[in-house]
Amino acid sequence: MNIWKQQTLFLLIALVSVAFFCLYPALPKILQNPEIYFQYNGARLFISVLINYALISFVYLLFRKTFITVLFSQFIFLLLIFINNQKEQYLSASLVPTDFLLIQETFTVAPWLLKFSVLTAVAVCVALMVFLFRKEQFERKRLFFSNLLISLLVLGFFVTANFSNNFSNFCSQNNLNWVCKYQQDFPNTKGDWIGDHLTIQKIGFIPFFFSKSMDSLNTRLFNTENIPEPTIKALYTPFSTTPPVLKPEQQPNIIMIMSEAHWDARQLGKSIPQNITPTLDRYQTSSLLSPSFGGGTANVEFEVLTSLNIYLNHNELMYVSKLKRPTYSLATYLNSLGYDTTAMHNSGKFFYNRNSVYQNLGFNRFTSLENMTSAQDRAKYINQAGWANDDLLYQSIRNQLKHTEQPQFIYAITVENHFNYNDDRYGKDHFKIDQPELSDSSKRQLNTYLTGLQRADQHVEKLLQDLKQQERPTIVIFFGDHLPNLGQVYDDFHFFASAQEKAEKKDVKFFSTPLAVWSNYPIDRKLFTQSNIPAHFLAPKVLTAAQLPLPPYYQFIQEVNACYSAIHQTGVELNPKCKHPHPQLLNQYKDLNMDVLNGKNYSYQLLTQKAS
């Protein structure tokens with residue numbers, strides 16, 4: 001076979017593979033509006049075909065036979081896709097490379113019929129490949145070198161893109177259109193907020209798995225250090241586990257509400273109405289220092305729930321890139337005290353991989369949009385921007401509080417005031433803003449956003465009225481996850497002092513969101529009165545306010561907080577009253593992050609053993 005016929009065959013096989021496994025699930029969307037679909041997904045599909053094609057060429061290097069290469073490569077691809085489908089069906093999580101470290105455990109728990117079917121298919125395929133391998137002749141060396149060149153060039157490009165986060169730094173400093181124009185279309189499984197399941201639907205499983213494999217390799221080569229168990233154990237040795245002093249019936253419900261893009265918009269200027277959120281203003285104690293600006297919701301909840309640190313971990317989207325195993329969290333600890341723990345979000349369960357992440361963080365359940373209303377009724381709750389109204393979320397909080405006599409920990413994430421604000425989802429012109437430079441587009445965005453803030457305040461007010469009737473002590477912690485993505489509005493109000501400030505965002509004002517605290521019984525509100533409470537230091541304050549004992553994990557976090565006001569991209573703030581050798585303490589905190597996210601995760605083993 002000559003090189004042109006062979007490469008045409010490989011390209012055709014790659015095209016059919018992508019068409020079947022990418023386009024077939026999206027067929028209803030394609031038929032509905034093919035022009036729009038291919039406008040937004042055409043580059044991704046082309047890249048998927050290119051990766052599949054290069055992988056087939058790479059497989060050829062093993063065999064130097066065309067037809068056995070096609071059979072073997074497609075069998076492996078189909079097998080991986082089948083395993084991924086089974087994992088998603090049983091565990092609601094996608095297949096990633098590290099899963100093959102658990103192949104023995106997987107084989108043990110798999111149903112016998114599934115094991116028999118897979119082994120039979122493998123045996124038949126292996127027999128067929130052996131037969132073909134003997135029949136087919138080795139091909140000329142020039143075919144080998146042609147495929148070597150193709151696979152190295154194409155795969156080398158995408159490996160480089162993956163390792164450099166799709167050339168993000170290069171593209172921010174240079175204007176190379178043929179690369180930078182399409183950088184968002186390259187596989188980015190370390191930072192795609194929609195989560196693994198929906199990424200697979202967009203680009204296909206093989207490019208997804210390829211990118212995940214590169215993520216793992218990148219981490220192993222450059223970002224992993226296995227912290228020894230004695231080093232991690234030493235973090236917790238100075239601290240003791242104090243038994244609970246409160247009786248079970250006295251343990252308070254803890255409700256944390258992370259409100260989408262909730263921010264004090266009055267910082268834009270005096271023309272912004274001053275009394276949009278009266279309830280939250282009344283109970284605001286301080287500000288939360290978010291690790292994100294304009295997006296990255298999951299990184300904020302990651303810091304709140306784990307007290308680990310995004311800044312020390314290169315601002316990765318941890319829910320997407322790292323949390324693939326049981327991880328100690330606020331939910332894990334409260335479970336050990338007898339709490340019933342629930343994560344809630346009135347959006348799809350797959351976004352940010354929450355369907356699997358919350359299991360790994362120890363939550364007893366995850367109530368997503370799919371659980372809040374039936375598919376038939378869902379359209380009634382979706383606004384113009386495509387996001388569900390928060391009525392569903394707050395009603396779910398009320399329902400959950402009725403379900404059990406146990407103390408409740410509820411971590412609820414709202415979504416109705418999510419970007420993009422170029423719509424009239426709440427109606428038009430609720431607010432008149434006297435700002436001469438404000439464009440009509442900015443007025444519309446701001447009207448939508450401010451109305452969303454007002455609605456958030458009204459939702460909270462109704463919830464607090466209901467909670468006043470609760471017999472069990474109850475604490476509500478409300479905070480915004482990050483500043484909104486208002487785009488031109490910021491420019492119209494001259495919110496950024498300069499282009500450099502806009503690009504670098506080194507001031508804490510770009511990361512500070514309102515933090516409000518309410519309770520139906522007396523608590524020490526002074527715990528929350530510092531100017532900015534970093535998301536990674538919030539949990540120990542909540543536990544202390546609830547009069548719950550701090551486990552060794554949170555005692556260590558509290559000790560770090562005693563020396564560092566914040567460990568954040570805007571600066572590492574040292575407390576002058578620190579009584580510890582602070583460089584050593586910061587290094588210990590770094591070791592904790594490395595152990596949990598990249599290392600052996602001795603923390604989880606040590607802490608859950610103590611708890612049991």
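Q: How do you know that strand E1 (residues 253-259) and strand E6 pair?
A: Seven bridges join E1 to E6, and the two run parallel; since two strands pair if DSSP finds at least two bridges between them, E1 and E6 count as paired. Within this pairing, Ile-254 stands opposite Ile-475 in E6. Strands here are DSSP runs of E, at least two residues long, and helices are runs of H or I of at least four residues, numbered from the N terminus.

This is a predicted model, in which local features need pLDDT of at least 70, side-chain atom pairs count only at pLDDT 80 or more, and totals for chains, interfaces and linings use all residues. Residues are numbered from 1 along each chain as its sequence is written, and side-chain values use heavy atoms, with hydrogens and water left out.

Q: In what sense do E6 and strand E7 (residues 512-519) pair?
A: E6 and E7 pair in the antiparallel sense, over five bridges, and Phe-479 stands opposite Leu-515 in E7.

Q: Why is strand E6 (residues 474-480) called largely enclosed by the rest of the structure?
A: Buried means under 20% relative accessible area, exposed over 50%, and partly exposed in between, with a 1.4 Å probe and protein chains only. Seven of the seven residues of E6 are buried, so the strand is largely enclosed.

Q: What makes Leu-308 buried?
A: Leu-308 has a relative accessible area of 0%, and is therefore buried. Leu-308 lies in the loop between helix H14 (297-306) and helix H15 (318-321). Leaving aside neighbours within four places in sequence, Leu-308 is in contact (heavy atoms within 4.5 Å) with residues including His-536, Tyr-553 and Leu-592.
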